[in-house]
Amino acid sequence: MLAATGLARHEACSGSAPRSVGAPFPMAQSFRILLVEDDDSLRGCLAEFLQSQGWGVSSTAFAAEALQLARAQRYDFGLLDYHLPETTGTQLLQQLLALRPLPSILMSGMASAAEVATAQQAGFFTFLRQPLDLAQLRQSLERLIHSHFGGPLAPWNPPPGITESLQRRQPPTP
């Protein structure tokens with residue numbers, strides 16, 4: 001699935017945002033992101049969040065499609081899930097890095113301490129546990145961008161409903 005699903009397709013994303021949250025403030029920088037997440041609703045929410053920053057997003061649930069996308073287009077960074085249908089996020093990153101450099105963040109709600117250590121050794125910029133906290137995701141993205149592209153991000157206001165969506169999202173039980 002190349003196109004990301006929208007917020008309306010994720011029941012938790014349709015909640016209203018607190019009144020203090022303003023309209024999204026697009027980033028001054030334009031980045032291309034490869035998003036690989038096998039949970040359709042979470043992938044849709046993350047794509048919406050990233051697009052609200054003014055960034056281009058290609059999303060898929062499958063490693064093979066992610067590799068195909070990476071061969072056809074250059075991405076600035078990746079946001080990869082650890083547990084994918086065909087492989088792991090760490091194995092996928094190694095295949096992506098064989099094509100070209102791709103700073104990436106790994107996410108998982110079920111990764112063990114050993115898997116986190118393996119991710120760090122594999123070259124991920126950082127690891128985030130799910131359910132994702134948007135403030136933590138935002139900070140990780142800022143650090144990645146500052147580290148790899150040399151600049152800070154502009155101020156940010158989350159899109160309505162997305163903060164509550166990711167806070168309520170629970171990882172699947174094993």
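This is a predicted model: local features need pLDDT of at least 70, side-chain atom pairs count only at pLDDT 80 or more; totals for chains, interfaces and linings use all residues.
Residues are numbered from 1 along each chain as its sequence is written, and side-chain values use heavy atoms, with hydrogens and water left out.

**The fold**
- The protein has 6 helices and 5 strands; these are DSSP runs numbered from the N terminus, with helices being H or I of at least four residues and strands E of at least two.
- Starting at the N terminus, the order of elements is β-α-β-α-β-α-β-α-β-α-α.
- Among contacts (heavy atoms within 4.5 Å) with a separation of 6 or more, 72% join residues 24 or more positions apart.

**Surface and interior**
- Of the protein's 174 residues, 50% count as buried, where buried means under 20% relative accessible area, exposed over 50%, and partly exposed in between (1.4 Å probe, protein chains only).

**The cavity**
- The structure holds 1 cavity of 30 Å³ or more; a cavity is a set of points on a 1 Å grid over the protein atoms alone where a 1.4 Å probe fits but cannot get out.
- Its volume is the space filled by probe spheres set on the points, with grid points joined across faces, edges and corners.
- A70, Q73, R74, Y75, L96, R100 and L102 line the largest cavity, each with an atom within 4 Å of a point.
- That lining has 4 nonpolar, 1 polar and 2 charged residues, with Ala, Val, Leu, Ile, Met, Phe, Trp, Tyr, Cys and Pro counted as nonpolar, Asp, Glu, Lys and Arg as charged, and the others, Gly among them, as polar.

**Salt bridges**
- There are 2 salt bridges, each a side-chain nitrogen of Lys or Arg within 4 Å of a carboxyl oxygen of Asp or Glu.
- One joins D40 and R43, at 2.8 Å from N to O, and both residues lie in helix α1 (residues 40-52), 3 residues apart.
- D40 is partly exposed at 42% relative accessible area, whereas R43 is buried at 0%.
- E142 pairs with R138, their closest N and O atoms being 3.1 Å apart, and both sit in helix α5 (residues 134-149), 4 residues apart.
- E142 is partly exposed at 29%, while R138 is buried at 5%.

How values were computed
On a 1 Å grid over the protein atoms alone, a cavity is a set of points where a 1.4 Å probe fits but cannot get out, and a pocket is an open set with protein on both sides within 12 Å along at least five of seven lines; lining residues have an atom within 4 Å of a point.
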